Amino acid sequence: MTDRNLTEPRDAAAGAGPAPRTALWKRRLFEAEAGLTRFVVETRGGAHLHSLLKVKAALFAALPPGSGTEAEWKAAFFRGQALMEQFVVTHFGHGQLAAWAASNSAVYAAVDLAPKHDATVPLERLDHQAGLYGSATAWEEHGPDRAVLRIGHCAIWDYRELARGRGVPLTLASPCEYCVPATTAMITAKGLHARHELTREVEGPGCVWSAERELPRPGSAD
């Protein structure tokens with residue numbers, strides 16, 4: 001896919017300094033943990049209650065002391081995410097990752113103050129998240145009716161290998177296995193239509209995401 005009128009991302013929490021970035025790591029961890037509890041309740045997964053509590057205990061035990069640094073919260077989020085992915089796949093199956101992701105996005109929509117039906121809102125959040133890892137991003141379109149964000153090189157792949165080297169157990173073969181349903185759910189939670197394309201450029205794996213108020217008519221240009 002060729003570049004089309006790429007523009008620089010707007011100033012965002014991911015590039016605004018350690019305090020907003022740290023706050024986003026904390027919020028992502030909260031959304032995932034609260035979403036996991038919600039997911040287990042909705043699936044009536046009481047048989048796995050003990051395992052869930054063990055995951056939560058490990059997650060909270062790994063939280064940084066005091067306010068913590070951005071790097072400490074980044075590591076805490078990643079380890080917590082890996083633990084929760086392992087829990088969901090082990091006890092509910094790989095196919096239930098999308099249901100957990102949808103539950104997380106319901107929490108995101110409930111606590112997020114930004115309006116619904118604005119295509120820029122969930123993709124700006126995605127831009128912020130990608131920036132936390134140092135991913136290369138650019139806007140192809142940026143408007144309330146339709147927004148398109150390109151992630152040219154997803155640096156989550158790089159961080160995964162660093163985490164693996166530190167001994168973090170990774171259940172998923174690819175970050176896309178969770179990220180695709182999670183991003184789709186985040187967009188739809190804001191009352192929008194989501195579309196995506198996974199890419200692989202010279203720089204590495206990436207993706208292109210669009211959020212739209214209305215789906216394009218059949219036969220219309222994308």
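# Reading helix packing, strand pairing and aromatic pairs

Tutor: The structure holds seven aromatic pairs. The model is a predicted one.

Student: How is one such pair described, for instance that of Phe-78 and Tyr-159?

Tutor: One reads the distance between ring centres and the angle between ring planes, and planes over 60 degrees apart count as edge-to-face. Phe-78 and Tyr-159 are 5.0 Å apart, centre to centre, with 75° between the planes, and this pair is edge-to-face.

Student: Which helices hold Phe-78 and Tyr-159, and what does the pair tie together?

Tutor: Phe-78 belongs to helix H3 (residues 70–92) and Tyr-159 to helix H6 (residues 156–165), so the pair ties together parts that lie 81 residues apart in sequence.

Student: At what angle do H3 and H6 pack?

Tutor: For two helices, one reads the angle between the axes and the distance that separates them. H3 and H6 pack at about 85°, and their axes are 12 Å apart. The two helices are therefore roughly perpendicular to each other.

Student: Which residues make this contact between H3 and H6?

Tutor: H3 contributes Lys-74, Ala-75 and Phe-78, while H6 contributes Tyr-159, Arg-160 and Ala-163. By class, the contact of H3 with H6 has four nonpolar residues, no polar ones and two charged ones.

Student: How does helix H1 pack against helix H4?

Tutor: Helix H1 (residues 18–42) and helix H4 (residues 97–111) pack at an angle of about 120°, with axes 8 Å apart. That angle makes H1 oblique to H4. The crossing of these two helices is right-handed.

Student: Which residues of H1 and H4 meet?

Tutor: On the H1 side they include Phe-30, Leu-36 and Phe-39, and on the H4 side they include Trp-100, Val-107 and Tyr-108. The residues of the contact of H1 with H4 divide into eleven nonpolar, three polar and three charged.

Student: What are the distance and the angle between the axes of H1 and H5?

Tutor: The axes of H1 and helix H5 (residues 120–132) come within 11 Å and cross at roughly 110°. H1 and H5 are therefore roughly perpendicular to each other. Among the residues in this contact are Arg-21, Leu-24 and Trp-25 of H1, together with Arg-125, His-128 and Leu-132 of H5. The contact of H1 with H5 has three nonpolar, three polar and five charged residues.

Student: How many bridges join E1 and E2, and how many residues lie between them?

Tutor: E1 and E2 pair in the antiparallel sense over six bridges. They form a hairpin, with three residues between the strands. Within this pairing, Thr-137 stands opposite Ile-151 in E2.

Student: In what sense do E2 and E4 pair?

Tutor: Strand E2 (residues 146–153) and strand E4 (residues 204–212) pair in the antiparallel sense, over six bridges. Ala-147 has Ala-211 in E4 as its bridge partner.

Notes. Residues are numbered from 1 along each chain as its sequence is written. This is a predicted model: local features need pLDDT of at least 70, side-chain atom pairs count only at pLDDT 80 or more; totals for chains, interfaces and linings use all residues. Side-chain values use heavy atoms; hydrogens and water are left out. Axes are lines fitted to C-alpha atoms, for helices over the stretch in contact, and angles run from 0 to 180 degrees between N-to-C directions. Helices (H or I, at least four residues) and strands (E, at least two) are DSSP runs, numbered from the N terminus. Angles under 35 degrees count as roughly parallel, over 145 as roughly antiparallel, 65 to 115 as roughly perpendicular and the rest as oblique. A crossing is left-handed if the near helix is turned anticlockwise from the far one by less than a right angle, and right-handed if clockwise. Contact means heavy atoms within 4.5 Å. Ala, Val, Leu, Ile, Met, Phe, Trp, Tyr, Cys and Pro count as nonpolar, Asp, Glu, Lys and Arg as charged, and the others, Gly among them, as polar. Two strands pair if DSSP finds at least two bridges between them. Rings of Phe, Tyr and Trp (its six-membered ring) pair if their centres lie within 6.5 Å; planes under 30 degrees apart count as stacked, over 60 as edge-to-face and the rest as tilted.
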